[in-house]
Amino acid sequence: MPREYKLLFAGAMGAGKTTAIAAISDHAPVRTEALNSDRSQHGKALTTVGFDYGEIALDGGDRLRLYGMPGQDRFSFMWKVASEGALGVVVLADNSRPDPLADLSLYVESFRALADCGAMVIGIGRLGEGSTSVETYAAWLASQGLSLPVFTIDVRRRDDVLLLLDALLYQIEAHKMLANAGHA
Ligand SMILES: Nc1nc2c(ncn2[C@@H]2O[C@H](COP(=O)(O)OP(=O)(O)OP(=O)(O)O)[C@@H](O)[C@H]2O)c(=O)[nH]1
Ligand SMILES: [Mg+2]
């Protein structure tokens with residue numbers, strides 16, 4: 001019986017959730033973008049106001065269902081709805097934003113149950129355009145009692161986004177094995 005796994009992409013406005021899903025989906029993703037009326041948060045023309053949706057078929061008929069969250073804070077109520085039944089979440093950070101650790105904190109708290117069971121991976125984009133180092137992100141996560149994979153990525157590059165998914169699935173599997181062995 002083929003199985004389906006729901007994965008989420010979260011992150012601040014303009015961090016690249018829509019771009020990342022488009023880079024890896026087997027077919028052109030469903031997008032729900034509208035004209036961006038919130039130019040104070042980000043200068044781009046379009047912003048997601050519902051969900052992005054893409055799919056990846058795995059060997060053996062299993063399927064990854066990819067859901068991109070709307071980035072604007074005013075849609076945060078949708079993040080909770082979407083996390084129901086999710087296997088894991090990819091959090092995209094944009095290092096060029098004014099306070100990327102505050103952004104990360106918002107998403108870690110919003111998806112805390114997934115973070116706590118290792119079902120979260122962090123991809124940092126535009127690293128060179130900001131002053132927060134990868135070590136600072138990792139140290140902040142450690143200060144929250146979290147040990148999660150952190151990568152620097154470019155959301156426009158398919159291989160970078162696939163690396164995030166591989167790491168996420170690996171980490172989820174590892175946590176499950178530890179839990180079964182009574183260590184987590
Ligand atoms: N120049 C440059 N552009 C980038 C880089 N990373 C991402 N982008 C661009 O940044 C934009 C990200 O936009 P989206 O994918 O719409 O972001 P989003 O997270 O879906 O945003 P919302 O739906 O509004 O929350 C795209 O135009 C990407 O091509 C980078 O490293 N350099
Ligand atoms: Mg989007």
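Ala, Val, Leu, Ile, Met, Phe, Trp, Tyr, Cys and Pro count here as nonpolar, Asp, Glu, Lys and Arg as charged, and the others, Gly among them, as polar. Under that scheme, the shell around ligand 1 in this predicted model comprises four nonpolar, seven polar and six charged residues.

**Surroundings of ligand 1**

- Ligand 1 is surrounded by 17 residues, and the closest of them are Gly-16, Lys-17, Thr-19, Thr-47 and Thr-48.
- Two elements, α1 (17-24) and β3 (46-48), each give two or more residues to this shell, and α1 gives the most, with three residues.

**Polar contacts and burial**

- The side chain of Thr-47 places an N or O atom 2.5 Å from an oxygen atom of ligand 1.
- From the backbone, an N or O atom of Gly-16 lies 2.8 Å from an oxygen atom of the ligand, while a polar backbone atom of Gly-71 is 3.0 Å from an oxygen atom of ligand 1.
- Ligand 1 would expose 670 Å² if taken alone, and the protein buries 77% of that area.

**The protein chain**

- The secondary structure of the chain amounts to six helices and eight strands, which follow one another along the sequence in the pattern β-α-β-β-β-β-α-β-α-α-β-α-β-α.
- The protein chain is as compact as a globular protein of its length, because its radius of gyration of 16 Å is close to the 16 Å that the globule rule gives for 184 residues.
- Along its principal axes, the C-alpha trace of the chain spans about 50 × 40 × 30 Å.

Terms used. Residues numbered from 1 in each chain as written. Chains lettered and ligands numbered in written order. Predicted model: local features only at pLDDT ≥ 70, side-chain atom pairs only at ≥ 80, totals over all residues. Heavy atoms only, no water. Near = heavy atom within 4 Å. Polar contact = N/O pair within 3.5 Å; in protein donor to acceptor, adjacent residues only side chain to side chain. Areas by Shrake-Rupley, 256 points an atom, 1.4 Å probe, with all protein chains shown as cover. Helix = DSSP H or I, 4+ residues; strand = E, 2+ residues; numbered from the N terminus. Rg over C-alpha atoms; globule rule 2.2 N^0.38 Å.
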